[in-house]
Amino acid sequence: MCEELGFERLLDEEGFFARLLGRAPSGAGREPLYGPDLPVVLLTGGPGMGKGRLLRAVRDRFAAKVPLIHLDCASPVYADRADPEPGARSAATEALVEVARRLCSWQGTGGSFAFPRFFAGVAMIATGVAEGTPEAVATEAERYEGLAQKQRMRGLVTGDFWRGVLRGTIRNLLTTLSGQAFETYSAAVSNALVDALFERVAPRGREELERIYGAYPGAADQPRIGLRILAADFRAGGEAREVAESFLFRALREDLEAAYASTSGWLRRVGRPGLLLDHAESPLGEQMLRAVLTDRRAGQRDRVVIVGTARRFDGGAFLHGGLPAQEVTPPAEYRPADGAPPAWSRRTDAGADRAPLAEGVLLLRMPLLTGDQLRRETVRRQQRAEPEGGTNRRRIDAAVARLSGGRPHTVIRLAEAAAGFRMPADANDRDILDAPLPLPGLPGDDAPEHPVAEVLLRELILDQLPVRLPTEHHAHWLDLLTHLSVAHDTECADVLLRHHQSGHVHHLTAHHVSQLLTDTGWPSCERHFIGDFGLRQLLVHRLYGLRPGGAAWYADHHLLRDHYERRAVGEGGVQGDGASAHGAPADGNSSVGASAGGASAIGNSADGASADRNRADGTSTDRAFRSLTAHRMNHHLVSGGADDVVSHLAATLPGRPREWCADLLEIAQAPYPGGADARRDRAQGLVAADGPPLRRTVDQLLHAVWLCEERTRPTGKETARTLAKLLDLLSIMDFEGAGRLSRTATDWSGLAENEQPLLRCTCTEQLRRRR
């Protein structure tokens, strides 16, 4: 159930994968999508979006019906296997050998596969063994002999590539050189191995070897030369080795294609074989994707379905040929919610062979859970009947929805932790993050429990570090992100980073962190440096708990408050108190609600496509506030300076109601610190406040708006009525422009009643769309 949550339509009998593989989970045939030129399908989405879970579900559903190999490209096992003979093996060759070995034992329709073309190449790189003797080369080459041909079946003509069984042939031929002195990588050993490969090959097989290895770069249609160059390139390492490894991948796919294209294969085999590459953003995965995309762009055709994962929204920077983000043409994409998969074809114009690799890709956008799916998952995990008419369950549903944003993994973990949890009265959604959760993967009732926030941060951050994060920053990456949870733009992010890396030799800048977040698949937001709402709440929660009494929280906010106070003084006082820098209407007839609440240019899709592209060119996270004063007041508000902020707002309201409302929304767009929350009582006037009516009313309004802008608790009709009442009170007071607040009262209360943000930005807009 958990593995298929949110993917049911993709996996069903008529779903995308049934058509891509040409066979349904039941075994029924399906008209295959695309072909004979196939796109590489990349599942795109950041941590917790279920890319690996979907690949496992595809494997489990379809692997009994079509040859389907699941490969974890981030596993260290391949490098470990290569380590004993680094001159004759690599992580890439060990991964390819594993694919071939698994398919050699395929027991489904059509029977097992053989890989004679691939075998010839890996046998040649065996000449790079450290010892270099004929016996050592023979021993290394014999690791692969089982790949060369299928086991013979009585009464069935198999059409063998090789004449007879290979076992012993290579050793017999190489040992004729025994007793002679050889240098490492001796040409005599290499020549003897080439002779051994061609000695027992059938005429048809010899033609195939000539066709394939004669096409190796520099071979000039001479297969023996091609095999020798392949071995030399592999020994050379670096880019030359990658050329050799990519060619071996081509040979493996050629073997698969031959198994289907032959007369017997056409009669006996159904569907398409597939290779599922989990963690394909890793160096090994990217190398394999690059190899197949380059071959297909050059005209190589095979029927192997390649499905990989990609954290970045654009599929990966390597697909776009180094073009700046603003010049990238997005690859074709498929959103499951759109219904039928899109048509796909490769361009055929004169420049097609030089087109970016993205032309050969189809991006499958990983779906967020719908509200109904989310509610079903939380209900399914409830441990007992709910009292009070299900009030607690509804509150938990709302908290899980807001904190997860529909991100499947977060939904699953939060729903599991909340199964026996009761939300405190007047709770903040973040209270649920302290719910205990047994450590995943540990069986039994005695498995230790940890707060679900801790589990999620380990799984979403520590277990999925950015691929290009330098090793020296691994140990404190989570701590840096935790402090950056209070940052809004690159300037305040850099202030925090300089402070918290002051004792380090190597420093990350805000630009570096922004790039790493984008590479890892986290969306960006024009008003929040950590652009994913749910991740930001996890980090804010952790920040408050880093030191007793929220000391780390207050220290970071004080640092930023003081920075912007110095900036404001240095630049001559309050900046930007005129029209909004984020697009507020300039004409005086526009409503205050529209100018403040709709100030941000959203224009982004629900999954953050535009935001990700903006972050990549460094433009989306700069200057999140209209003025330095508003930015300073924001950090002062959430670090204990509410009374000072009220005094500032009361003093700056007369004569500038439109700009003042925009300032108020920006100041109040902040998380509330841990501990008792008195905002609701203060907003309703239940907490005594000093000063004249204007100041007291502004005090209440600030706390009402803060409740709406935090987005981690329901607002609803009560808060909407409070907003309307307070703004109406201000609108009849005796100061210049007061009457213009009456329209704002209508606009803001309508938004609050419908749980919509008053000040929109990319991440709150996404949150609204998931409801």
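This is a conversation about one predicted protein model.

Visitor: What should I keep in mind about the numbering and the kind of model?
Guide: Residues are numbered from 1 along each chain as its sequence is written, and side-chain values use heavy atoms, with hydrogens and water left out. The model is predicted, so local features need pLDDT of at least 70 and side-chain atom pairs count only at pLDDT 80 or more, while totals for chains, interfaces and linings use all residues.

Visitor: OK, what does the secondary structure of the protein chain come to?
Guide: The protein chain has 33 helices and eight strands, where helices (H or I, at least four residues) and strands (E, at least two) are DSSP runs numbered from the N terminus.

Visitor: And how much of the chain is buried?
Guide: Of the 771 residues in the protein chain, 58% are buried, a label that means under 20% relative accessible area, with exposed meaning over 50% and partly exposed in between (1.4 Å probe, protein chains only). The accessible surface comes to about 30600 Å², and 50% of that belongs to carbon and sulfur atoms; these areas come from the Shrake-Rupley method with a 1.4 Å probe, and for residues only the protein chains shown count as cover.

Visitor: What share of the contacts is between residues 24 or more positions apart?
Guide: Among contacts with a separation of 6 or more, such pairs account for 73%, contact meaning heavy atoms within 4.5 Å.

Visitor: Switching to the sheet, what is the strand order?
Guide: Six strands form an open sheet with parallel pairing, in the order β2-β3-β4-β1-β6-β5; two strands pair if DSSP finds at least two bridges between them. At the edges stand β2 (68-72) and β5 (332-334), each with a single partner strand, so one side of each is left without a neighbour in the sheet. From one strand to the next the twist averages 25°, with axes taken as lines fitted to C-alpha atoms, for helices over the stretch in contact, and angles running from 0 to 180 degrees between N-to-C directions.

Visitor: Which helix packs on that sheet?
Guide: Helix α14 (residues 283-297) does, touching β1 (40-44), β2, β3, β4 (305-310) and β6 (361-365), and its direction makes about 140° with that of β1.

Visitor: Back to β2, how many bridges join it to β3?
Guide: Five bridges join β2 to β3 (residues 274-278), and the two run parallel. H70 has L276 as its bridge partner in β3, and L71 stands opposite L277 in β3. Four of the five residues of β2 are buried, so β2 is largely enclosed by the rest of the structure.

Visitor: Now the nonpolar core: which residues touch the most other members?
Guide: I432 and L484 do, within the largest nonpolar core, which has 100 residues; a nonpolar core is a set of buried Ala, Val, Leu, Ile, Met, Phe, Trp, Tyr and Cys residues joined through side-chain atoms within 4.5 Å. Helix α30 (residues 693-710) gives the largest share of this core, seven residues. Beyond neighbours within four places in sequence, the contacts of I432 include I396, L403, F421 and V452.

Visitor: Which helix is largely enclosed by the rest of the structure, and what covers it?
Guide: One is α26 (residues 628-637), where 10 of the 10 residues are buried, so α26 is largely enclosed by the rest of the structure. The cover over its buried residues includes α20 (490-500), α23 (551-570), α27 (642-652), α28 (657-668) and α30.

Visitor: Where does A88 sit, and how far is it from E140?
Guide: A88 lies in the loop between α4 (77-82) and α5 (91-104), and it is buried, with a relative accessible area of 0%. A88 and E140 are 52 residues apart in sequence and 8.2 Å apart in space, C-alpha to C-alpha.

Visitor: What about the backbone at P36 and at A220?
Guide: A cis peptide bond joins G35 and P36, with omega about 5°, and P36 is in the loop between α2 (16-21) and β1. A220 has phi near 55°, a positive value in a residue other than glycine, and at 62% relative accessibility A220 counts as exposed.

Visitor: Last one, how many disulfides does the structure hold?
Guide: The structure holds zero disulfides, a disulfide being a pair of cysteine sulfur atoms within 2.5 Å. C73 counts as buried at 5% relative accessibility, and C661 is buried with a relative accessible area of 0%.
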